[in-house]
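Visitor: I have a model to go through. Could we take it piece by piece?
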Amino acid sequence: MSDVSAPARLMSDAETDTPARRLRKPPRLPTEESPLVRVSLIGLAVVLLLAFLLLPLVAVFTEAFRQGIDGFVEAVNDPDGIAAIKLTLLVAAISVPANLVFGVAAAWAIAKYEFRGKAFLITLIDLPFSVSPVVAGLVYVILYSTSHGVFGGYLQSHGLQIIFAVPGIVLATIFVTFPFIARELIPLMEEQGTTDEEAALSLGATGLRTFLTVTLPNVKWALLYGVLLCNARAMGEFGAVSVVSGHIRGLTNTMPLHVEILYNEYQFAASFAVASLLAALALVTLGLKSLLELRYADELAAGRRH
Amino acid sequence: MAIRFVQPSVIPGFRLALGFTLAYLALIVLLPLGALVFRASELGLSEIVSLALDERTFKALEISFVTAFLAALFNVPFGLLVAWVLVRYDFPGRRLLDAMIDLPFALPTAVAGIALTALYAPNGWIGSYAAMLGLKIAFTPVGIWIALVFVSLPFIVRTVQPVLAEVDREVEEAAATLGASRLKAVWSVILPVLTPAILTGFALAFARSVGEYGSVIFIAGNIPYVSEIAPLLIVIKLEEYDYAGATAIATIMLAISFVMLLVINLIQGWARRRFGRV
């Protein structure tokens, strides 16, 4: 998919050839657009993408360094900022492995067996993607709020706090990143089938050994791909976390929430400084993701080959 | 013989894997969503409807739906153009552009929100030029629309791209042989094949946009009845300890999510029957 079609490739070869060859450039194929149309379409797409996608990114970094490197360091190196970074890392360190274990288990059950209700199960796994982040946060408040929650009385009497505390933030993050790893693994493992595992088992390997030495190496790049996307979302989640966090500085503030608080206090430079760290994370994620797509295209799920 | 739940297999671990999957799914997704439905059922349908018909709530839902619809609508031609250029043409920087498409997925929504506000505010890079023309973008529904175009563009591009890449070039050749102009061939031979992908992408973009929060609230200005979106109103109701109000709006939004999910599944089922693939 990354390459243009065969006739087009022939043409571009001819173009890069000697001037003499260029004179004999084959006429335009009927399944191609004229060069003028081609160039205008490319131009239009590039201009629109730069305006809609790249400009906001440029704005983040420009605003972050408006007061120079010193201003940037000062903004990031503030106790509340450091606390927010630590909390963000902690939340990702819990929620990503949790969804990793789930993703592997779900993919194993769904891809390696035929059972009834499979399509429905896949739909349920994808469900968190179509729920608004704010609703995702709200459902946990409804469940665990000590004052209004379904389990509020129980939590209250046992002195447990989930909402406006770290456990709530972790739960909300797990919810919004729930499908990421499973949905990378399921199509790939379905495509790979069960013959490799059956061979290993028939040679006397135990189930666990088969999984560790046959299945896991087969899906490792897809797994990494899923972890990458899951982590980016876990560290950047705003809406769901905002609802359950309570915005207690130094305690329940993640980086995206810290960005919001600084922004609402008109500390724009500091806000953009913290935001630029998140933007850098996004860029690293995109870079690694593209690298995986480029180098291990065959070992990622079918839909990811571009 | 009764139909088996699971086909026999030599591969071990089915019960463990499925058991864990179901337990985790129930704990993380089904129980919390069930709690919302439970609280909504305590309110009753008539109460939910009357809460939703409250003027401010109704207006917020309307703003969310209209801006999400217009953003998804704009992203259909925009996404098609981008997918076409990325699949069909080779030019310097194509790979970089391709990688950039996923930026709205990777960039945290709050970051996108303040960045877009910096650009489109009356004193911003773009906003100041718009202000000279007497146009206001940030802190109006137009600002909401821009944020939603940003977050939902990848959905259309990424659903159309793989289908376009697999379009059989022979059908285009056949169309050309039969005397169709290039535009006619694209319109009546390629576009119909892309229709299910476009509809799926549209539904995904719309579903995401309706519920979007982080990238919108900074640029929206959040003026009640003008630029206040439904997810924000949920947050406001929660802060006012109006749990019934928050539950009602959330229930309506969850119902929309289910409908969109159903629509997407129907489109894909239809596409499988019609074209033999998704």
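Guide: A:Val150 is partly exposed, as its relative accessible area is 32%; buried means under 20%, exposed over 50% and partly exposed in between, with a 1.4 Å probe and protein chains only.

Visitor: Where is A:Val150 found?
Guide: A:Val150 lies in the loop between helix H7 (133–144) and helix H8 (152–157) of chain A. Helices are DSSP runs of H or I with at least four residues, numbered from the N terminus.

Visitor: What conventions apply here?
Guide: This is a predicted model, in which local features need pLDDT of at least 70 and side-chain atom pairs count only at pLDDT 80 or more, while totals for chains, interfaces and linings use all residues. Residues are numbered from 1 along each chain as its sequence is written, chains are lettered from A and ligands numbered from 1 in the order in which they are written, and side-chain values use heavy atoms, with hydrogens and water left out.

Visitor: What does the model score for ipTM and pTM?
Guide: The scores are ipTM 0.91 and pTM 0.90. Chain B averages a pLDDT of 92, with 98% of the residues at 70 or above; pLDDT is the predictor's confidence in each residue, from 0 to 100.

Visitor: A new topic: is A:Gly103 buried or exposed?
Guide: A:Gly103 is buried, at 0% relative accessibility. The residue belongs to helix H5 (residues 79–112) of chain A.

Visitor: How far apart are the C-alpha atoms of A:Gly103 and A:Arg183?
Guide: These C-alpha atoms are separated by 7.7 Å, although A:Gly103 and A:Arg183 are 80 residues apart along the chain.

Note on methods
Helix = DSSP H or I, 4+ residues; strand = E, 2+ residues; numbered from the N terminus.
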